[in-house]
Amino acid sequence: MTVFFARGLTVLYAVAAVWLSLYSLQALLFCLVFWRRAPAPPTPASPASWPTVTVQLPIFNELHVGRRLLAAVAALDYPRQALHIQVLDDSTDETKALLEAAVRRVQARGVKVTYLHRADRRGYKAGALAAGLEQTHADFVAIFDADFVPPRDFLKRALPFLLADPDAGFVQARWAHLNASYSGLTGAQALALDGHFVIEQTARQQLGAFVSFNGTAGIWRRACIEAAGGWQADTLCEDLDLSYRAQLLGWRGIYRPDIAVPAELPPQLLAFKRQQFRWAKGSVQTLRKLWRRVLFGSSTRPSAGEAAARPFPTRVFGLLHLSGYLVHPLLLLGLLLSLPLLWFNRAMPAPLGLVGLASLGPPLLFALAQRHLYAAQPGGWLRRFAAFPGLMLLGIGLTLTCTQAVIEGLTGRGGAFRRTPKFHVKQQADTWAQSPYALGLDWTTAGEIGLMFYALTAVVVAVLHHNLGAAPFLALYAVAFGSTAAVGLWQAGRMRARPGHSLIPRAWRTE
């Protein structure tokens, strides 16, 4: 019985290792595609007259950054008669009064701004975007989240791609960063996002695979939104959901890495964990919702190139994309299986993530992105790539949070859209700990401490059983969970008691 049980664990471990290696091999392929990529097509010529564009700003409780966003959008270089701004405010705190006053000031300058407030927040961000779409007749809709600061030339650089291609449903710009150097945490986040936007998105486009809309810093063709079924709130990634539904109908997504829109990275670990939880749960919900259509296709516009007409590898890339957050439960499974495998077998298969060439994929992807973006800058790209060890620890440390999100995504629809707090921090002198939006600890910190001790126990067993090859791999787990818990506890300790009244300190009312 013990032998049968041990063999079963070994098979399960091997399946997890091979499954994980698929994502790493995909990263390696994306690096190769990026390295040999064709030159990006130039921006089409500007039209004789610019069409009307509605810029939607979905906002919920954004005291620190809401007015900064509105100021940046109001300053866009675009004909005023063709620019319409919608402030879609679902706020329940002082943000509402601050934004109403800011909207009046912008309106006084002759900019067309509409303030729309919903009291029930039905459908969360998807519901706000849908409600705003009903209040405009514009053929094109740009979207910016509250933590973004679009450059003045954004519309004139991005919109021509939609005007030149009637089958293009949306154009997505690259995310840049306002505060990558704020801390080790924001540096690791910047490294991860650069890998996605510089390498992954570019490679997907080169391969003719599905390109995702990332929820902000992009423009949609209204006809595409309506043809694909509109914004839907049955997933927490309404952006990923709509972009896939649109492309399944034959619309094209265009990604432009040369158009960069800077945004603020979460400086609080718990805020970043909340963001990753929402992205993980929403991505898996989208996988659950659309996997059959991605794999087998669906057809209402077959002439435009439905999914069924796509090459099989392209559809596989789509499934790997939507299921990317399954990496976390696979990593957790690998850790949990390691201890009984070492106990029963006194040995274990090759460590997860170190299966052949697959181990080269992620670090090469992040290094290539940094080299592409920052090779010519002072200090070079290696200084930014130095954040990779922190990113590796962070990725493993978030395993428990994202595993919970994956389980919820596989078992349920929708759910509460918990926003990622923004604090308007860019320089190290800026602080966030006294903000009313700073988050308290949750149960995952205790879980991370428990997993740290579990990994340390596995390290001891590995050493006692002379399996020195497994010990460093398991020690990495222990350090990752321990450091994640430690940072969460340390940041929680920085938060002081806040006054019970609702007035916001003067420092937090300044933008």
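## Strand S5 and its partners

In this predicted model, strand S5 (168-177) pairs with S7 in the parallel sense, and 9 bridges link the two. Within that pairing, Ala176 has Pro262 of S7 as its bridge partner. S5 also pairs with S6, but here the strands run antiparallel and are joined by 3 bridges. At this pairing, Gln172 stands opposite Gly218 in S6.

How much of S5 is buried? The count is 10 of its 10 residues, so S5 is largely enclosed by the rest of the structure.

## The sheet as a whole

Let us step back to the sheet. It is an open sheet of 7 strands with mixed pairing, and its order is S3-S2-S1-S4-S6-S5-S7. At the edges are strand S3 (113-117) and strand S7 (252-263), each of which pairs on one side only. On average, neighbouring strands are turned by 20° against each other, direction ignored.

Elsewhere in the sheet, strand S1 (residues 53-59) pairs with strand S2 (residues 83-89) in the parallel sense over 7 bridges. One of the residues to look for here is Ile59, whose bridge partner in S2 is Asp89.

## Helices lying on the strands

Now for some helices around these strands. Helix H3 (residues 95-108) lies across S1, S2 and S3, and runs at about 160° to S3. Helix H8 (residues 238-248) lies across S5, S6 and S7, running at about 45° to S6.

Helix H5 (residues 154-164) has a set of buried residues: Phe154, Leu155, Ala158, Leu159, Pro160, Phe161 and Leu162. What covers them includes S1, S2, strand S4 (140-143), S5, S6 and S7.

## H8 beside H9

Two packed helices are described by the angle between their axes and the distance between the axes. For H8 and helix H9 (residues 269-296), the angle is about 10° and the axes are 10 Å apart. Because angles under 35 degrees count as roughly parallel, H8 is roughly parallel to H9.

Which residues make the contact? On the H8 side they are Leu240, Asp241, Tyr244, Arg245 and Leu248. H9 brings Ser283, Thr286, Lys289, Leu290, Arg293 and Val294. By kind, the residues of this contact divide into 5 nonpolar, 2 polar and 4 charged.

In soluble globular proteins, nonpolar side chains tend to be buried together. The largest nonpolar core in this model has 67 residues, and Ile199, Leu474 and Tyr477 are those with the most contacts inside it. Helix H1 (residues 2-35) gives the most to this core, contributing 10 residues.

## Two residues with positive phi

Most residues other than glycine have a negative phi. Asn61 has a positive value instead, near 50°. Where is Asn61? It lies in the loop between S1 and helix H2 (66-74). Its relative accessibility is 10%, so Asn61 counts as buried, the cut-off being under 20%.

Tyr124 also has a positive phi, of about 55°, although it is not a glycine. The place of Tyr124 is in helix H4 (residues 124-133).

Conventions
Residues numbered from 1 in each chain as written. Predicted model: local features only at pLDDT ≥ 70, side-chain atom pairs only at ≥ 80, totals over all residues. Heavy atoms only, no water. Pairing = 2+ DSSP bridges. Helix = DSSP H or I, 4+ residues; strand = E, 2+ residues; numbered from the N terminus. Axes fitted to C-alpha atoms, helices over the stretch in contact; angles between N-to-C directions. Contact = heavy atoms within 4.5 Å. Core = buried A, V, L, I, M, F, W, Y, C linked by side-chain atoms within 4.5 Å. Buried < 20%, exposed > 50% of the residue type's maximum accessible area, 1.4 Å probe, protein only. Parallel < 35°, antiparallel > 145°, perpendicular 65-115°, else oblique. Nonpolar A, V, L, I, M, F, W, Y, C, P; charged D, E, K, R; others polar.
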